[in-house]
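Hello,

Here is the structure I promised to pass on. Please open it alongside this message, and then read my notes below.

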Amino acid sequence: MKAYSVLCLSLCVFLIGALEEGDSTEIQEDDNVLILTKNNFRRALKQHEQLLVHFYAPVSRESLGSILEFRKAAGVLKDTQSAVRLGGIDVNKEKQLAALFNITSVPSLRLYLSGDKNNPVYCPDLKSSSSILTWLKRRDGPSADIISDLTHLEKFMGEDELVVLGLFKDLKGDVVKVFYEVALHIADLPFGVTGNHEISSKFDISTDTVLLIRKNKPDKQLKMENGTTKEVVVEFIRHHEMELVTEYNGMVEEGFGEIYRAFENTAEKFKGKVLFVMVDVNETRNGRIMEYFRVKVEEAPLVRMVNLSDNVQYHLPSDQFDEPNLTKFCLSYLEGKAKPKLQSEPIPENWDKQPVKELVGMNFEKVAFNHDKSVIILFYAPWDPESRAAFPLWEELAKHFSDDEDIVVAKIDITANDVNIHLREKYPLIHFFPAVYSERVVSYSGKWKLKAIVKFMEKEIKKAKKDRVKEEEWRKQHLNHQNAAEKDEL
């Protein structure tokens, strides 16, 4: 069986003084990555001629992957005694530092040279350790391999499933400089350049051209002319680097030909807007992507859409995977009409028998918006140390209110369960749901201490009781008005 998934492809003066002061203690490291702060950043710039800095938010899904890849790259650079050192800045902890350097999105990479903190080199989106290392290597030398003859070409084409080859009459021309700039920007693909006439003849190319070679065969090509910009070439490569339907298993089982053709035809319509991916759920190597989509083998086949900017998923409301349904689904998403699919773990056995109730997506609203209960919920990420550190406090809070049947203390793993309320990215979070008819959510931003949380709850409960009286009066008036209207009709 195969599962089919569709992916959619958003104080300064004080701080400068702090940077100037600093202390003389050794800069700490985490897996060969310098831990940079406002107190040691200037010192790090002085100590390292080339400092590649990773600005990240540790709780974001995008940053989590980049942190691991950045550490791998740091280890390789240290082992090879490279002059480049890698450092990391947690923007959640170093907010003033992030503001000083105008960090508006994470993860973000910047290369600081010769101690100059004001003119960094802005790095492209480097998602893997290999692309980081390739980018740094290409900065020091030619950013594309010189392909000298047909033997060298065969070796180059075998480096990856997709390679980029520039064919030029004059390797010193301006268009070649543009090609080198593109190769430096796109560090996750192999780039080669040649002025060899025999190689150009092999592909029947007589003008300056950028050629995409896929699986050792020529695919798409772009004619390079004076005035062709780096941006045009980058867009051309990025637009065509993925096949219309990318398949995680490489093989289409018998019986799925019609579905595959429907995917391919629909993909052509939405090229550049929606990336189509097929995932074989029986292929064990696809476990990580299935985990990301929270898909189980027994649920296949199915179709999902995911917006990678906010990780919200949408489910095709049909079991017919034909071209009309796929087209309608994509249009509904692009027009903002598709409804998000809320994920949920199974409801745990005896979930409500413990002092702290264990919620999941399926029972969240029923518990949180129960207008007869005051409910306080801890939203946590199980892998996050701060979340785990809050568990004893939550048990203590549940014990404090154990004699009050009208108060519920609960928690929910927000990484495995979707809830239909707006949550900021940083976990853990505390939200209070008062006992009122309106679905009100009150965020807690005080100290993570029992006394402070209890005081917050008591204040909100008192306020909710007054609001509840007003709601009851309004409901009574509304009911009387409705009854009077019905009598008039009779």
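Which residues touch the most other members of the largest nonpolar core? Phe191 and Ile237 do, in a core of 22 residues. A nonpolar core here is a set of buried Ala, Val, Leu, Ile, Met, Phe, Trp, Tyr and Cys residues joined through side-chain atoms within 4.5 Å. Buried means under 20% relative accessible area, exposed means over 50%, and partly exposed lies in between (1.4 Å probe, protein chains only).

Some ground rules come next. This is a predicted model, where local features need pLDDT of at least 70 and side-chain atom pairs count only at pLDDT 80 or more, while totals for chains, interfaces and linings use all residues. Residues are numbered from 1 along each chain as its sequence is written, and side-chain values use heavy atoms, with hydrogens and water left out.

H7 gives the largest share, 6 residues. Helices (H or I, at least four residues) and strands (E, at least two) are DSSP runs, numbered from the N terminus.

Now look at Phe191. Leaving out residues up to four places away in sequence, its contacts (heavy atoms within 4.5 Å) include Phe156, Val164, Phe179, Val182 and Ile237.

There is also a second, separate core of 21 residues. Among them are Leu393, Phe401, Ile430 and Val454.

**The sheet**

Five strands form an open sheet with mixed pairing, in the order E8-E10-E9-E11-E12. Two strands pair if DSSP finds at least two bridges between them. The edge strands are E8 (145–146) and E12 (217–223), and each pairs on one side only.

Strands E9 (162–167) and E11 (209–214) run antiparallel, joined by 6 bridges. Val163 has Ile213 in E11 as its bridge partner.

Helix H6 (150–157) lies across E8, E9, E10 (191–194) and E11, at about 145° to E9. Axes are lines fitted to C-alpha atoms, for helices over the stretch in contact, and angles run from 0 to 180 degrees between N-to-C directions.

Thr266 sits in helix H10 (257–269). Is Thr266 buried or exposed? Thr266 is buried, because its relative accessible area is 0%. Beyond its neighbours within four places in sequence, Thr266 contacts Phe276, Glu323, Leu326, Thr327 and Cys330.

Gln50 belongs to strand E4 (50–56). Gln50 counts as buried because its relative accessibility is 19%. Not counting residues up to four places away in sequence, Gln50 touches Ala83, Val84, Arg85, Leu111, Tyr112 and Leu113.

Best wishes
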